[in-house]
Amino acid sequence: MDRIWQKAYDKARKLVEKMSITEKVNLTTGTGWGSGPCIGNTGSVPRLGIPSLCLQDGPNGVRFTDFITHFPSGLATGSTFNKELIYLRGKALGSEHKAKGVNVVLGPTVGPIGLKAAGGRNWESFGADPYLQGICGAATVEGIQDEGVIACVRHLIGNEQEHFRQVGEWSDEGGGWENLQSSISANIGDRAMHEIYLWPFADTIRAGAGSIMCSYNQVNNTYACENSYLLNYLLKEELGFQGFVVSDWGAQHTGVESSLAGLDMTMPGETFDNWLSGKSYWGPLLTRAVYNQTLPQSRLNDMAIRILAPFFAIEACNLLQENHHPSFSSWTFHTFGQEFPYQHYGPIMQQNWHVDARSAFSDEIALSVAKEAIVLLKNEGHNLPIAKSDGIRRVLIAGAGAGPDPKGYNCKDQRCVEGVLTSGWGSAAVNNPYVITPYEAIQEKAIEQGIVVDYTSDVWELDNVGELADYADMAIVVVGASSGEGYIEVDGNFGDRNNLTLWNNGDELICAIAERCRKTIVIVNSVGPVSLDKWIDKENVVAVLYSAPLGQFVGKAMAEVLFGEFNPSGKLPFTIAKKKSHYVPIISDLEDCENPQDNFDRDIYLDYRFFDKHTIKPLYEFGYGLSYTSFTLCDLKIIEINSPSEYLPYPEEYLPIYNTCEDDVCDPEDALFPHDEIRPVPGFIYPYLYNENIRSVEDDENFEYPKGYNPDQKTCPPLAGGGLGGNPALWDVLYEVSAEVKNDGKYKGGYVAQLYIEFPSTILLSPPKVLRGFDKVFIEPNESKRVKFEILHRDLSIWDTESQSWIIQTGTYNVYIASSSRRVELTGEIDIGC
Ligand code: NOJ
């Protein structure tokens, strides 16, 4: 175990030693939906100064409150390919959560990874590549935790579509799949599990993530939150995760079994679909399980220690010193309300303090990310940036995405989609404090240049729009598509998108405008890839920009790019295919199937890896993005820092855990509900027993722990394990690569140098290219800068299913410095002999 964590464990253990069984249980179980100010609230231990922990979404800002910044989405963040900026976004997010009194941020999201183009929640995470997700996830964790808030990395694992992620949602409201018996099973092979899906989680664990959320779906036919192989072995043993695993909200399906399988905290407390019932798999039942010895007390101790340890590992947390309380309620926006507004229960008291969590720093970072996320896909004839000197005197701004939504900026969880897109919908959506729309921002810049502006939000009366286009020298059309979480249906889309076409008549609108305006600029603002084929090759569509959801500054960022105040430097975080059939479809039709199966047949060939393998030409490839300036590269250098070894060295033995917590089971009477002290709140989950008739399972000859469960501490980690994120040698730097980039154009600009590696196939076939580094530099015209990369042991490794470890194959590795996954600028070689 890492020393920081060992010290944290020692401190946590000292506290846990002082706790009664009910106090420990109280840490593990949410108090119930709405039973506390946050989306998730644990029980507290007031005697030892441990407050109820506040867990709150999420990855793009503080959910369910006001006076916060609406940051650009994860997908937009990934599009920047700017590590430093991504860290700063994490810091800004962390500082706003801290200011509101949140203890655990439910984010970042690194799963879904983006296997399916229409996956509802792809916009929350950073893009369809494990390396990109890993770097962005780790930087975000560091940023958040440096501000003294625990990051909860979600969703482990395989939640690549919303359809059938959980039974209740899909058997009732979600289209009536009455026969559905279980959540969909993501069936993932061992190599893909390691090289694709677990990869980003490993990075975030190495970065010190204090918590991880297991997903709703099943993984290889066992629910993720009770999958012992996934939680106990892969996550805690192999990847050395030291913090706590919390269930997605209602993703727990068993009591003792899930805790033996490695789940440490259940949220929001109740069993799924039983909100407000006060019924939990844990709470009193966990207490009973310890008393009747179905659950070893050592496991409960471990759960409690894991929950507290992150607060000691991350210094800035100050959990016990601060007397802070969330300054908002997720259940009402009013300043005063009943103590439990959701339950309509309790005395009237202050609920919201409307603390302004924003800062100049947040504004700056949110705007910078939004600008750097914008990807220039096409710029025929260099019509962008817009300049009056090019004869542009009359501009039309059109498209549903240009102006405000008629229903407002803050429909619940961002489910309104008839105006500007600031995010997708669901639990990662936050309220906009205000929105600078494309229409407002573009108009402002145009006016400064003496340009006259017309605007229409009409997307249906195309003759009228055409007439306006006729009069314009240039038309800017903002179109898009949205998606979100499965509990919300928008226009027949149950989380996942039904198709990849533009919403709000986007294709027809663009065609009608391009028919009559010689310079039509299209801005696609969407949650993922969309079909562009109806208009992308039209001569009058002179320029196209793409952006993932950009948050509150969406319009300002777009306007600065259009008018050349900011030179676009974003890169596509996924591939845009020419044909729909090249994408992995959503499983949305079950034909009466009771236990839906999703076989991840793409194996390790995610996104561009698949296109490269089958030499399919995409429309725009992963990593693609133009600039107003041009760059040339030269002078590739590869220096060996440490000599590579085929096999990993054996990791050191685990540092011993002194499990001094007493394992004796006390008198059940101690755990009885203290009716004389507490008047129970309806629906609130308490840890107490309701009667003391506990039968010890020791008396039951037939009782057995689940197969494979061993309460003893292991001493030897697996070969692939032994440190945070896996075997520490995986992070050894083997090579340093660098190259010179020159800006030989007219404008200052950002360049993202991408490092791809082609592996030899001595033992196993690998994709033709995999991303293994990126470095963004901003360069003045006629100046040069060096881009630098470190190639780690891990970056050259493949997962060997036989030895259950990472190996480096002997042979030649091609090293590509590229402007995209398809445009290689410089090539070098690394030879690894036997
Ligand atoms: C369910 C979502 O899947 C998860 O991401 C979120 O954190 C919880 N709801 C709480 O809102």
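**Reading a sheet and the helices around it**

Biologist: What makes β13 and β14 partners here?

Modeller: In this predicted model, 4 bridges join β13 (residues 394–398) to β14, and the two run parallel. Pairing takes at least two bridges, so with 4 bridges β13 and β14 count as paired. One spot to look at is Leu 396, which stands opposite Asp 454 in β14.

Biologist: Which strands form the open sheet, and in what order?

Modeller: There are 6 strands, in the order β12-β19-β18-β15-β13-β14, with mixed pairing.

Biologist: Why do β12 and β14 stand at the edges?

Modeller: β12 (375–379) and β14 (452–455) each have a single partner strand, so one side of each is left without a neighbour in the sheet. As for twist, the average is 15 degrees from one strand to the next.

Biologist: How do you know that helix α16 packs on the sheet?

Modeller: Contact means heavy atoms within 4.5 Å, and α16 (residues 506–516) touches β13, β15 (474–481), β18 (520–526) and β19 (541–547). The direction of α16 makes about 170 degrees with that of β15.

Biologist: Why is α17 called largely enclosed?

Modeller: Buried means under 20% relative accessible area. In α17 (residues 554–562), 8 of the 9 residues are buried, so the helix is largely enclosed by the rest of the structure. Among the buried ones are Val 554, Met 558, Glu 560 and Leu 562.

Biologist: What covers the buried residues of α17?

Modeller: The cover includes α13 (360–373), α14 (438–448), β15, β18 and β19. Just after α17, Gly 564 takes a positive phi of about 80 degrees.

Definitions and conventions
Residues numbered from 1 in each chain as written. Predicted model: local features only at pLDDT ≥ 70, side-chain atom pairs only at ≥ 80, totals over all residues. Heavy atoms only, no water. Axes fitted to C-alpha atoms, helices over the stretch in contact; angles between N-to-C directions. Buried < 20%, exposed > 50% of the residue type's maximum accessible area, 1.4 Å probe, protein only.
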